[in-house]
Amino acid sequence: MRQREFDLWRANWEQQIRDLQQWRRDHERDHDQDEDDEVAAEREGRRERWRQFAAWMAVAAVLVAAWWGSAATR
């Protein structure tokens with residue numbers, strides 16, 4: 001009887017260890033995915049800032065061209 005109890009106890013602990021190992025793998029995978037999502041969001045933020053910068057530079061170029069053209073006609 002004691003051997004059977006020990007075998008059940010050991011099987012229970014082995015299953016708990018496997019469950020914890022699986023949880024750790026899942027957690028690490030989720031964490032890695034979160035980091036990938038953060039990097040992608042940061043990259044998209046940089047792209048958006050460059051788009052805004054390019055738009056403002058285009059506006060500035062139009063204003064400078066208009067000023068230059070008006071100054072040339074005086």
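A salt bridge is counted here where a side-chain nitrogen of Lys or Arg lies within 4 Å of a carboxyl oxygen of Asp or Glu. Glu44, Arg47, Glu48 and Arg51 are linked in a network of such bridges. The model is a predicted one, in which local features need pLDDT of at least 70 and side-chain atom pairs count only at pLDDT 80 or more, while totals for chains, interfaces and linings use all residues. Residues are numbered from 1 along each chain as its sequence is written, and side-chain values use heavy atoms, with hydrogens and water left out.

The chain has one helix and zero strands; helices (H or I, at least four residues) and strands (E, at least two) are DSSP runs, numbered from the N terminus. Helix α1 covers residues 2-72. Along the principal axes, the C-alpha atoms of the chain fill a box of roughly 110 × 5 × 5 Å. The radius of gyration of the chain is 32 Å, whereas a compact globule of 74 residues would have one near 11 Å. This radius is taken over C-alpha atoms, and the globule rule is 2.2 Å times the number of residues to the power 0.38.

Leu20 and Met57, which are 37 residues apart in sequence, have C-alpha atoms 55 Å apart in space. For Asp19 and Arg46, 27 residues apart along the chain, the C-alpha separation is 40 Å. Leu20 and Asp19 both belong to helix α1.

How much of the chain counts as buried? Of its 74 residues, 0% do, where buried means under 20% relative accessible area, exposed means over 50%, and partly exposed lies in between (1.4 Å probe, protein chains only). Leu20 counts as exposed because its relative accessible area is 57%, while Asp19 is partly exposed because its value is 43%. The chain exposes about 7100 Å², of which carbon and sulfur atoms supply 59%. Accessible areas come from the Shrake-Rupley method with a 1.4 Å probe, and for residues only the protein chains shown count as cover.

Two patches may be located on this surface. Patches are made of residues with over 30% relative accessible area and no salt bridge, like charges being joined within 9 Å and nonpolar side chains (Val, Leu, Ile, Met, Phe, Trp, Tyr) within 5 Å. A patch of negative charge gathers Asp30, Asp32, Asp34, Glu35, Asp36, Asp37 and Glu38. Within this group, Asp37 is partly exposed because its relative accessibility is 41%. Trp50, Phe53, Trp56, Met57, Val59 and Leu63 make a nonpolar surface patch of about 720 Å². Val59 lies in helix α1 and is partly exposed, since its relative accessible area is 41%.

The charges of the whole chain comprise 13 positive and 16 negative side chains, and the centres of the two sets lie 3 Å apart. Lys and Arg count as positive and Asp and Glu as negative, whereas His and the chain ends are not counted. The place of a charge is taken as NZ of Lys, CZ of Arg, CG of Asp or CD of Glu.

Side chains of opposite charge can pair when their charged atoms come close. The structure holds seven salt bridges. One of them joins Glu42 to Arg46, with the closest N and O atoms 3.0 Å apart. Why are Glu42 and Arg46 separated by about one helical turn? They are separated in this way because they are four residues apart in helix α1. Arg46 is partly exposed, as its relative accessible area is 36%.

Glu44 and Arg47 are three residues apart in helix α1, about one turn of the helix. Glu44 counts as partly exposed because its relative accessibility is 35%, and Arg47 counts as partly exposed because its relative accessibility is 44%. Glu48 and Arg51 meet through their side chains in a salt bridge of 3.1 Å, N to O. Glu48 and Arg51 likewise lie three residues apart in helix α1, about one turn of the helix. Glu48 is partly exposed because its relative accessible area is 34%, and Arg51 is partly exposed because its relative accessible area is 45%.
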